[in-house]
Amino acid sequence: MPGMSRLLVCSAVIALLTPFYAIAERDGQRDFDFEIGSWRAHLSRLDHPLAGSSHWLDYDGTSVVRTVWDGRANIGELDVSGPAGRIQGLTIRLYDAARRQWNITWANAAAGTLDPATMFGEFLNGRGEFFGRDSFNGRAIDVRFVFSNMTRNAFHFEQSFSADGGTTWEVNWKAEFTRQ
């Protein structure tokens with residue numbers, strides 16, 4: 001077809017002229033789909049974060065994650081127990097389509113309120129990183145969440161604190177999840 005080669009040339013020119021950032025932008029609304037379902041959770045929590053502690057407390061239990069709002073949000077319920085007691089928590093994740101970012105808020109059943117610190121971030125190259133500001137023992141800190149090693153049946157999660165503006169990070173919460 002005579003017009004077909006002209007169409008291919010025009011398509012190639014448009015592709016070359018499209019700014020890189022327009023190509024790089026992507027819709028991350030489905031980024032947490034890997035986590036929807038029921039999981040066995042093994043969690044280790046640093047006993048005294050930001051105090052030079054190396055004593056970890058272990059917990060085992062479950063995590064159940066459900067999607068809501070047609071995938072624009074999800075709710076995760078964590079219920080783990082160990083020698084140091086029980087942790088019941090609720091994670092609420094909301095997708096901001098305009099920014100192409102997720103925000104994550106945590107609620108601990110013992111406190112009965114949403115944590116005032118909200119984490120913001122995205123997934124790139126198979127790794128999710130989320131950052132926020134919080135306070136710990138009366139001082140301002142930065143918090144980082146990392147989701148990694150994600151497969152259909154397993155993933156890893158870490159939480160780290162920084163008391164020096166993000167120059168150094170101390171992992172204080174790490175968890176391995178395997179699908180039930």
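**Note on the predicted model**

1. Val 64 has Glu 77 as its bridge partner in strand S3. The structure discussed here is a predicted model. Strand S3 covers residues 73-82 and pairs with S2 in the antiparallel sense, over nine bridges.

2. The hairpin formed by S2 and S3 has four residues between the strands. Within this hairpin, Trp 69 adopts a positive phi near 55 degrees.

3. Strand S2, residues 56-68, is also joined to S1. Ten bridges link these two strands, and they run antiparallel. One of the pairings can be located by residue: Leu 46 has Trp 56 as its bridge partner in S2.

4. Asp 27 belongs to the loop that connects helix H2 (20-24) with strand S1 (37-46).

5. Beyond its neighbours within four places in sequence, Asp 27 is in contact with Tyr 95 and Arg 100. Asp 27 and Arg 99 are separated by 72 residues in sequence, while their C-alpha atoms are 9.5 Å apart in space.

6. The largest pocket holds about 890 Å³ of space. Of its 39 lining residues, Trp 106, Asp 115, Phe 145, Gln 159 and Trp 173 are the closest to the centre. The lining comprises 23 nonpolar, ten polar and six charged residues.

Methods. Residues are numbered from 1 along each chain as its sequence is written. This is a predicted model: local features need pLDDT of at least 70, side-chain atom pairs count only at pLDDT 80 or more; totals for chains, interfaces and linings use all residues. Side-chain values use heavy atoms; hydrogens and water are left out. On a 1 Å grid over the protein atoms alone, a cavity is a set of points where a 1.4 Å probe fits but cannot get out, and a pocket is an open set with protein on both sides within 12 Å along at least five of seven lines; lining residues have an atom within 4 Å of a point. Grid points are joined across faces, edges and corners, and a volume is the space filled by probe spheres set on the points. Ala, Val, Leu, Ile, Met, Phe, Trp, Tyr, Cys and Pro count as nonpolar, Asp, Glu, Lys and Arg as charged, and the others, Gly among them, as polar. Contact means heavy atoms within 4.5 Å. Two strands pair if DSSP finds at least two bridges between them.
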